[in-house]
Amino acid sequence: MFAVFWALNWPLMKIGLTVVEPWTFRAAIVFVGGAGCLIVARLSGLSIAIPRQDLRPLLWLTLFQGVLWNAFSGFGIAMVEAGRAAVLGFTMPIWATILSIIFLKEPVTTRRMSGLALGMAAMGLLLWPALDALGSELFGALLMIAGAMAWGVATIIVKAVNWKMGVLALSGWQFLIASVPLTIAAIMVGDPASLLRVDFVTGSALAYSALIPMVFCQAVWFTIVRRLPASLASTGTLLVPPLGVYLSALILDEQVGVFEVLALVFVIVALVLILPGFNWRASLRPLPKSHPE
C-alpha cells in the first residue's frame, strides 16, 4: 500500500507545481517532512539526538539527498510528464550500483551488468523523444537523471557509514537541515509568495507531498525493512514506477506511448536484477506463521 502512496506523489507534485514555484515547493515540503519525521520519532520513544560521529556523514547525506535530489527533481518534474519523471527518478538503484562497484568494491556480476545495461537503455528510450525539442523537456529529463544520480550517491553514503542514530531521526535531520539552503534559494531566486496563490486542489497536493511520502511512507518503509526479509521489502520499490505512470495517466491524462512502456519494462527488470537480496522465489514464498508465546 505504501508504494501506491509513494507513486501517487508524482502526479500530485505536478499539480502542486502548477501554482507553487519549484524552490518554494521543495523548501516547504522538505521542512514539513523533516519536522514530521522527528515528531514521529519522538512520539515513538526514539532518540533524535545527533551523535558526534554521525554529524559529518549526515551533512554529506543532506547535500546529496536532501538538497540536490530535491532541487533537481523539483525542477525536473515541472518540465516533464510526471510518469516519465517517476521512471527516471527510480533509475537511482542503477547509479547506486555503479557507485558501489567503484567505491565500495562490490562484486561485478552478470546479473548486475545486465541490469545496468537495461537501465541505460530505458534512459535512452525516455531521452530519445525529447532530443528533437532540445528545450525544457530534454532539460527536465536530464535534471531527473541528475537527481537520480545524487540519490544514488546518498544511498552509497548510507551503506558506507555505520550510523549510530535511528533511521527516522536520520531522515528527519537531513530534511530539516536541507530545508535551510532550499529556503534561502526560494527567497533569493524563487517566489515564496506563490504559496499564497494555492487553492484547495493545489494546497491539498502540497500537503500530501509534505506529509504522506516524507513522513508516513518513510515510517512505513523503515518498519517493513525491519520486519520483513530484504527480498520482500524490495518488491515495494518495484511497484512505484509503473504505478506512477498509471496514476499520472489517470489523474493528469498524460499520454503513455511505446517509448514510455518499453522504458518502464526495462527499468522494472533492471531493478529486479540490481536490488540487493531480491529473489522472485523468496518473494512468492509464504511468510512463516507466528506462534503465540
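The legends below describe close-up views of a predicted model.

**View 1. Helix 5 and helix 7 pack against each other in an oblique, right-handed crossing.** The axes of helix 5 (residues 92–103) and helix 7 (residues 136–160) come within 8 Å and cross at roughly 50 degrees, and the two helices are therefore oblique to each other. In handedness, the passage of helix 5 over helix 7 is a right-handed crossing. Helix 5 contributes Met-92, Trp-95, Ala-96, Leu-99 and Ser-100 to the contact, while helix 7 contributes Ile-145, Ala-148, Met-149, Trp-151, Gly-152, Val-153, Thr-155 and Ile-156. Sorted by class, the residues of this contact comprise 10 nonpolar and three polar ones, with no charged residues.

**View 2. A salt bridge joins Glu-260 to Arg-84.** The side chains of these two residues meet at 2.3 Å, taken from N to O. Glu-260 belongs to helix 11 (residues 258–274) and Arg-84 to helix 4 (residues 82–89), so the pair ties together parts that are 176 residues apart in sequence. Both partners fall under the 20% cut-off for burial: Glu-260 counts as buried at 17% relative accessibility, and Arg-84 is buried with a relative accessible area of 6%.

**View 3. Helix 4 is largely enclosed by the rest of the structure.** This description of helix 4 holds because eight of its eight residues are buried. The buried residues are Ala-82, Gly-83, Arg-84, Ala-85, Ala-86, Val-87, Leu-88 and Gly-89, and one of them, Arg-84, is the residue that forms the salt bridge with Glu-260.

**View 4. Asp-191 takes part in a salt bridge with Arg-197 and also touches Thr-24.** In the salt bridge, the closest N and O atoms of Arg-197 and Asp-191 are 2.7 Å apart. Arg-197 counts as partly exposed at 49% relative accessibility, and Asp-191 is likewise partly exposed, with a relative accessible area of 26%. Thr-24, which is found in helix 2 (residues 22–43), is buried with a relative accessible area of 4%. When residues up to four places away in sequence are not counted, Thr-24 touches Ala-186, Asp-191, Pro-192, Ser-194 and Leu-195. The structure holds two salt bridges, and the pair of Arg-197 and Asp-191 is one of them.

**View 5. Met-13 is a buried residue of helix 1.** Helix 1 (residues 2–16) includes Met-13, whose relative accessible area of 3% places it among buried residues. Apart from neighbours within four places in sequence, Met-13 is in contact with Phe-25, Arg-26, Ile-77 and Ser-209. Although Met-13 and Ala-205 are 192 residues apart in sequence, their C-alpha atoms are 6.5 Å apart in space.

**View 6. The whole chain, shown for orientation, consists of 12 helices and zero strands as its secondary structure.** From the N terminus on, the elements run α-α-α-α-α-α-α-α-α-α-α-α. The protein chain has 293 residues, of which 49% count as buried. Among contacts between residues at least 6 apart in sequence, 88% join residues at least 24 apart.

How values were computed: Residues are numbered from 1 along each chain as its sequence is written. This is a predicted model: local features need pLDDT of at least 70, side-chain atom pairs count only at pLDDT 80 or more; totals for chains, interfaces and linings use all residues. Side-chain values use heavy atoms; hydrogens and water are left out. A salt bridge is a side-chain nitrogen of Lys or Arg within 4 Å of a carboxyl oxygen of Asp or Glu. Helices (H or I, at least four residues) and strands (E, at least two) are DSSP runs, numbered from the N terminus. Buried means under 20% relative accessible area, exposed over 50%, partly exposed in between (1.4 Å probe, protein chains only). Axes are lines fitted to C-alpha atoms, for helices over the stretch in contact, and angles run from 0 to 180 degrees between N-to-C directions. Angles under 35 degrees count as roughly parallel, over 145 as roughly antiparallel, 65 to 115 as roughly perpendicular and the rest as oblique. A crossing is left-handed if the near helix is turned anticlockwise from the far one by less than a right angle, and right-handed if clockwise. Contact means heavy atoms within 4.5 Å. Ala, Val, Leu, Ile, Met, Phe, Trp, Tyr, Cys and Pro count as nonpolar, Asp, Glu, Lys and Arg as charged, and the others, Gly among them, as polar.
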